[in-house]
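Visitor: Could you walk me through this one? I'd like to start with the packing.
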Amino acid sequence: MKEKVFENMESSMEKAIAAYQKELNRLRTGRASPALLEGIRVDYYGTPTPINQTASVNIPESRLIVIQPWDKSTIEAIEKAIQKANLGLSPANDGTVIRISIPPLTEERRKELGKLAKKMAEECKIAVRNIRREANEGLKKLEKDKKIPEDDYHRATEDVQKSTNQKVEQIDEILEAKQKEILET
């Protein structure tokens, strides 16, 4: 019984952290990354399709993204989709490939991105703590319904807290790495 509560909690916390990492990857640092284009959909013969399913996305240099459509007729649709995404990027289309040059970040923009990353980390920590609360409520219910003894209940709540602390540490480490990446020139 309590194992099921603990498994559900661990799974939910891992999903929250994975979602946080995915969001962080979309933050534009001074480096080119295919993750910048995630979430952008191209009108591909009437169907909204992710860019990476309509073209190959390459990073030949640290500040350049090259997109080579598999179907040359979609090059303008890809270019429009990137412009519509409001990423602050200017795609250049030469008829066969789209080049996106990543401009260096200003100091002010770096600070904004650092604050945004910190805010996202705090939201993830809140999600993890809410998951902890739900797990503790589940354990409390099991103890109240006499499905687990009181000693097991207390031991299980300690395990839940230890796991929560580990997840919060993991979030802090991810944030620290992202902030270091943002501050690099």
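Guide: A nonpolar core here is a set of buried Ala, Val, Leu, Ile, Met, Phe, Trp, Tyr and Cys residues joined through side-chain atoms within 4.5 Å, where buried means under 20% relative accessible area with a 1.4 Å probe, protein chains only. This is a predicted model, in which local features need pLDDT of at least 70 and side-chain atom pairs count only at pLDDT 80 or more, while totals for chains, interfaces and linings use all residues. Residues are numbered from 1 along each chain as its sequence is written, and side-chain values use heavy atoms, leaving out hydrogens and water.

Visitor: OK, so how many residues has the largest nonpolar core?
Guide: The largest nonpolar core has 27 residues, and those with the most contacts inside it are M9, Y20, L24, L27, A117, L139 and I171. Helix 3 gives the most to this core, with ten residues; helices are DSSP runs of H or I with at least four residues, strands are runs of E with at least two, and both are numbered from the N terminus.

Visitor: And what is M9 in contact with?
Guide: Leaving aside neighbours within four places in sequence, M9 is in contact (heavy atoms within 4.5 Å) with I131, A135, V160 and S163.

Visitor: Switching topic, in what order do the strands of the sheet run?
Guide: Four strands form an open sheet in the order 3-4-6-5 with antiparallel pairing, where two strands pair if DSSP finds at least two bridges between them. The edge strands, each pairing on one side only, are strand 3 (55–61) and strand 5 (91–93).

Visitor: Which residue stands opposite A92?
Guide: That is R99, in strand 6; strand 5 and strand 6 (residues 98–101) pair over three bridges.

Key
Buried < 20%, exposed > 50% of the residue type's maximum accessible area, 1.4 Å probe, protein only.
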